[in-house]
Structures are given as structure tokens and as C-alpha cells.
Amino acid sequence: MLVGAGPGAPGLITWAGLEALRLADVVVYDALANAALLAQAPPDAERIDVGKRAGHHRLTQEAINALLVDKAREGGGKRVVRLKGGDPYLFGRGAEEAAHVGAAGIACEVIPGVTSGIAAPAMAGIPVTHRAHASTVTFVTGHEEAGKPGSSVDYSALARLIAAGGTACFYMAMGRWDTIASALIDAGLPASTPAAAVQWGTLPQQRSARATLAGLAAAVSQARLGPPAIVVVGAVAGMDDQTAGALNWFERRPLFGRTVLVTRSRTQASQLAHDLAELGAATIEAPTIELVPPADWTAMDAAVRRLADATYDWLVLTSGHAVAALAERLDAAGLDARALGGVRIAAVGAATAEALRQRVGVRADLVPDRQLGAVLGQALVDRGEVAGKRFLLPRAGLAGRDLPTILTDAGGEVEEVAAYETRQAAALPEDAISALEAGRVDWVTFTSSSTARHFTDLLGERREPLMRGVRTASIGPTTSATMRELGLSVDVEVQPPDPDEVGVAGAVGVAGVAGLMAAIVAAEGG
């Protein structure tokens, strides 16, 4: 199956492409494949890098063709996904691979993808067509097959098409741009024609340069742009100047161009990283905490049996990890969703509720608007569901006290059992260390005292040089105090309001992750 991965941003793969990845036995991927997409394949799926990089090909095209056939036939037949950047049939040799697989008698499905020739300009504020400026768009390769006699591109015809109101999008052209621009000008296209280059389009590290056809090479050099990039020539390349930058929303986001290292647990880091990316930041997940099963399941298993006996009024789930533990222990006891028929279920947020639906087959009775334990507790109080009721909280052994305190203070009886435990990660990811070494990290976020302690321990003696010039963001005064004790600076601290004024849930909400992101944006002048 040939699957278009899209232009780079993982959210731009098609739904069909994502579903194919999630069912794959083998994923054969290119050099620019996003790690977030590879993570969508099953954990036990084989992942094979066949990426072609400048000056180095892991496998020849013939070897890739043979690999696809071999893997499809392996073990009586495997589901192979050939993940290709952009669209498989646009300058990607996808048709050659599909033909080879088909000739071997293997069915090959093709799932189209969003191409960078449209997506990258769009994210730089350039629509490739426009009713008033461009009625045609032409995709051109700037990297023709070696050994061809002359050029397969008719630059005279292309120049006339652009001059008549067309757009040309050049792929793989950065290394030959001087030659291409000269050919267009020699063919009669005015040197003043608008042009633009967009590097790493759709990704947080996207950069762009605008100039005339004659001046683009100098603008690219000054901006230090390089491949991978799309070059756009035509009137639309100058449109953003006419709209005061209104079309270029992507590069105008408040954290665009900033890199943030997130130190939460892996699941929590993924959510925070996603939220920061929505604000334009490039994020690096560097979880300092690992979540592991408890040393002894006795208490959890006993609680699960009591659930089946309708001992509790409410089951309160505060994370996807708690849902996973619940599903596992139900199965270990020979039980299923029917065991939960006598209890109502509250989930801390939409993600936890969806995990409950998928893993256990049950829908939550209560899901608050904000994903915070204190908000969930207050929602139960507001509904009059606490006084005299029994609650089961399967969660981390050292979880925060806001939720159980709210419930007990309101007259509820709370039983907590360890569904998982936290411990310091064995090491920081290599990409996090590499980014710190290269000076590419602008911010490091700390959402608890434990993340600060573990981060400091994991960096060891290298902390001071690696953190030089890096700003830090603390989720609150307690975390800040720990950071200072450890010798870390505190550049941004979220200050919670007076709980007497906004209520406990409101105070926690303001002091939560949303407040942390808002503080970083404010520090950046956003």
C-alpha cells in the first residue's frame, strides 16, 4: 500500500493514510517521515528506513522495489505500508514502485497525500491559485533524472504560462535555482516577477523568503534557506505584501520560531507539546518521568472485584494510564464492561473518556470542560453527587491531593489505589540532548518539583553548559522554589489567583498548563 504522508506536519496526512498506518505490519519510510506518524504504527510493526539523503542512499530504488515484494510475501503475507512524503505519484517514484509490486502479483492500493507544492506555499501565505492573479498552476521538478539529453522542461512555454497569469511550483530546485531563474528570464519572463522560497513547509521550523525572480537567489542566501524547500514563481508569490501579512497566519503565531523542551511524563508531554505546537512552537519531548505498573496488583485487583459488587457509587478516572490499568485488571479477573454496570464513571477529560470508550467499551457519565482533577471534583460537588457517596480513584501512587481533598471535604468517602507508579526516566532522549548541545532550545518547561529534580539529575555535570541561554518556565511557586534550590533559574512563573476569589478549581485552572503557555507567550511579547 502506497500512502502519502503529506508535506511534513503529521496532522496533514489523510484519515485513510492514518488508518493504514495503524494496521501496518511493516512500514517502509523515506528520509523526511515525521516520527509522530511512525509512532502511529502498531508497537510491534517493523519500521524500515529507506530514505535517500544528499550524497547517501540507504537502498537503491531497485532494492526498495525488491524489499516491498519480499516483505509483502513474508510470513504468508504481511500488510506493508510504503510511506512516502507528500503524494506518492508526484515526483516520488510511487508509480514505479506500484508497477513493480503489481507485476509481482501483489495487490497495491494507493492513498493520495497532500503535496508540499500546495501546502508549503499556503502556510507561508501564498495561495497557488487566485481568481484575480493565477488561473493555472504547474508543478516542476528542479532535479531531473541524470543522463537525460538536455532538459525535459520547456522553459519558454513555462515562462509564457507564468506571464499569462500562472503559478509555477518547483520541487528540489534549491541547488539549481540560479540556472532555473536564468532560464526563465532568458525565455522572456520579467526579472521583476514575484518569487518565494519556503523551507520545511508546514513544520514549526518553517522559514520563507520573498523577492523578485532575479533577486530570490540573494534573498535565499541571506535568509540561509536550504532544502527541503518549494520555490514559487508568479503573481501569487507577492500577494501577502498586498494584504499586510493577513494570509501568512502560520508564521505569525505567537511562539513561531521558538523551540520548547517539555519535561513531563511521556503521555502528558505529548498533550503539552501539541498545545505548544498550536501556538507555533517547535517542541521536543524530554520526559523525565516514566510510568510503570505498581509493584503489587493486590489492592487494585481487590478494588476491581468490589466494582463488580457495586460497592462504589463513582469510579473516577484521571488519566489514560488509569484506564489502561482498569482494562488490564478487568481482563485478568475474567471480567469485562458488564462489571461496571452498577457504578457511574467520571473522566477527567475528553482524552481519558475516549480511552475508556476504546479500551473498556464504556462511556463516561461525567466529563468536565477542563482537564483538571480539581475541576472534576468541583463538578461532582456542584451536581450534588458527593455527600454520602463512595468513590474509587485508581491513579498514581504519588498523585496530587486536590481531587480527593475536594471530595472528602464535601462528605464523600474516597478510596485510592495505585494503578501505576512514577519513577525517574533512565535518560533524556538523544534529540533533546542534541538540541541543547546545538543551542537550539529556547525554553524548558517544568510542571512539578519532580520534573525539575529529575531533569537536573539526568543532565548531571553538563547542566550548566547545556542550559546556558535557555529560559525556563515554572508552573507555580512550589516548583519554582525547587528549581532555585537545584540551581536552575526561573524566568517565567505562573502565579495562581486567590482561591477565595475564584474557587479552588478556578485557581488550579489558571495555574495549570494553559497558564504556563500564556506566560511563555507573554514573555515572548505575544
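Predicted model: local features only at pLDDT ≥ 70, side-chain atom pairs only at ≥ 80, totals over all residues.
**Strand β9**

Gly 166, Ala 168 and Phe 170 lie on one side and are buried.

I then asked which strands pair with β9. Strand β8 (residues 136-141) runs parallel to β9 and is joined to it by 6 bridges. In this pairing I found Val 137 opposite Thr 167. Strand β12 runs antiparallel to β9, with 4 bridges between them. Here Phe 170 stands opposite Val 231 of β12.

**Cysteines**

I searched for disulfides and recorded 0 in the structure. For reference, such a link is a covalent bond between the sulfur atoms of two cysteines. I also checked the accessibility of two cysteines. Cys 169 has a relative accessibility of 0% and counts as buried. Cys 108 is partly exposed, at a relative accessible area of 29%.

**Helix α8**

I asked which residues of helix α8 (residues 216-223) are buried, and found Leu 216, Ala 219 and Val 220. These cover an arc of only 100° around the axis, which puts them on the same side of α8. The face turned away from that buried side carries Ala 218, Ser 221 and Gln 222, which are exposed. I next looked for what covers the buried residues of α8; the cover includes helix α7 (177-186) and the strands β10 (194-199), β11 (207-212) and β12 (229-233). Just after α8, I noted a positive phi of about 60° at Arg 224.

**Helices α6 and α7**

I examined α7 again, this time with helix α6 (residues 155-163). Their axes come within 8 Å and cross at roughly 75°. The two helices are therefore roughly perpendicular to each other. From α6, Tyr 155, Leu 158, Ala 159 and Ile 162 take part in the contact. They meet Ile 180, Ala 183 and Leu 184 of α7.

**Sheet with β1**

I traced an open sheet of 5 strands, paired in parallel, in the order β3-β2-β6-β1-β7. Strands β3 (46-49) and β7 (110-111) stand at its edges with a single partner strand each, so one side of each is left without a neighbour in the sheet. Strand β1 (residues 2-4) is joined to β7 by 2 bridges. There I found Val 3 opposite Ile 111. Helix α3 (residues 61-73) lies across β2 (26-29), β3 and β6 (80-84). I recorded an angle of about 150° between α3 and β6.

**Sheet with β13**

I traced a further open sheet of 5 strands, with parallel pairing and the order β14-β13-β20-β21-β22. Which strands stand at the edges of this sheet? They are β14 (282-285) and β22 (492-493); each has a single partner strand, so one side of each lacks a neighbour in the sheet. Strand β13 (residues 259-262) and strand β20 (residues 443-446) run parallel and share 3 bridges. In this pairing Leu 261 stands opposite Val 444. Helix α19 (residues 477-485) lies across β20, β21 (471-474) and β22. I recorded that α19 runs at about 140° to β21.

Terms used. Residues numbered from 1 in each chain as written. Heavy atoms only, no water. Pairing = 2+ DSSP bridges. Contact = heavy atoms within 4.5 Å. Axes fitted to C-alpha atoms, helices over the stretch in contact; angles between N-to-C directions. Buried < 20%, exposed > 50% of the residue type's maximum accessible area, 1.4 Å probe, protein only. Arc of directions from axis to C-beta. Disulfide = S-S within 2.5 Å. Parallel < 35°, antiparallel > 145°, perpendicular 65-115°, else oblique.
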